[in-house]
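Have it open while you read.

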Amino acid sequence: CSSDLAITLLSLLVFGSITCQTTAIPDPAFESKLISLGIDSNGMTGDILNTDAEGVLFLNVTNSGISDLTGIEAFVDLELLDCAENSITSLNVSFNTTLITLDCQNNQLTSINLSGNDNLVSLACQNNQLPALDLSNNTILSDLSCQNNQLTTLDLFGNNQLYQIISHDNSITSITFPENPDLLEIVWCYNNVIENIDLTNANALATLRFENNDLNFLDLRNGNNTNIHTMDARDNPNLDLICVDDIDYSTNAGNWNKDPIAEYSETCILSNTDLKIADFTISPNPVQDHFYIRFDQTLQLENTILINTLGQKIQLSSGPSHNISYLPSGVYILNIEWADGAISSRRLIKR
């Protein structure tokens, strides 16, 4: 009988220890906020009962003076977390596997762990200090806002459910777009240092902003350019050609903007470093008064046009030798139309 009593007491102790398990909440501001929300029932003890955190689906702790969100792992059923407008420097929500929406903008984040969040659909982490962002496990992510951080690259190859990518005001040199971007409509990546963008597989594009980058290649030939109601590629001094479905549409579209030096092209014939063009060279370049076009004599030159930075076209003779002493100094684009309909372009500098 005494042994039965001992077993009963031991069972009660074990049960009590299980039901009273807690998770540490080291930041008093975080715990105070949980208490004010009626979630933390045991007061300012530096921890929270796991049973208090379980079952919480939505948690809003914005603008609460929080610097450490340790303890968030106890919220195992959490679907929405809004911790914006705090001073959090590091965030690990990988244990919150049911998380669908995360808003952690306007903090001081230098790291974020999303490795366990394969249900994440919306991420707003803008206005932080993130040097990197690993989204390789967030394959159903639809809405990404990561602008105004310190990102240098952005790899979204496996994020095929993305609807919008807002990544402006970083230091991004390259973006790897989704392998199958069938749902992608919005891409804002202005104020970066991106050199190449190819969106030919994204046939749902609608709003695009690429201004103030280092673009030298931009291909938008997705077969559905008429669906793009906004395109801005201004302030890209190295961008000679923008590859499009239809030159006339892009030229006349009301909200399409580019630098005057950039030309729309359906053939995407680029600079003299591009292997797809019919080869020709300009000699000398820079030029003082006269220059000569050298090209494969098997080709037939049909038309030669210079374009200045205002987008004005200057018709040149059809021969290989040209005198441009009458033109002001500056940077021009030399467009050559060949007999087979191809167009080749080179940058020409007039001293």
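Predicted model: local features only at pLDDT ≥ 70, side-chain atom pairs only at ≥ 80, totals over all residues.

Which residue in E22 does Ser-283 stand opposite?

1. The protein's mean pLDDT is 88, with 90% of residues at 70 or more. Residues 5-19 stay under 50, and the model gives them one contact beyond four places in sequence. Residues 270-278 are also below 50, yet that stretch has 22 contacts beyond near neighbours in sequence. Where pLDDT is low, the coordinates should not be read in detail.

2. On to the sheet: it is open and antiparallel, with three strands in the order E21-E22-E25. E21 (280-283) and E25 (321-323) sit at the edges with a single partner strand each, so one side of each has no neighbour in the sheet. From one strand to the next, the twist averages 20°.

3. E21 pairs with E22 (residues 290-295) in the antiparallel sense, over four bridges. As for the opening question, Ser-283 faces Tyr-292.

4. Now helix H2, residues 28-36: Phe-30, Glu-31 and Leu-34 are its buried residues. Viewed down the helix axis they fall within an arc of 95°, so they line one face of H2. Strands E2 (47-49) and E3 (58-60) are among the elements covering them. On the face turned away from the buried side, you'll find Pro-28 and Ser-36 exposed.

5. At the start, a side-chain oxygen of Asp-27 comes to within 2.9 Å of the backbone nitrogen of Ala-29. After the helix comes Gly-38, with a positive phi near 75°.

Notes:
Residues numbered from 1 in each chain as written. Heavy atoms only, no water. pLDDT = per-residue confidence, 0-100. Contact = heavy atoms within 4.5 Å. Pairing = 2+ DSSP bridges. Helix = DSSP H or I, 4+ residues; strand = E, 2+ residues; numbered from the N terminus. Axes fitted to C-alpha atoms, helices over the stretch in contact; angles between N-to-C directions. Buried < 20%, exposed > 50% of the residue type's maximum accessible area, 1.4 Å probe, protein only. Arc of directions from axis to C-beta. Polar contact = N/O pair within 3.5 Å; in protein donor to acceptor, adjacent residues only side chain to side chain.
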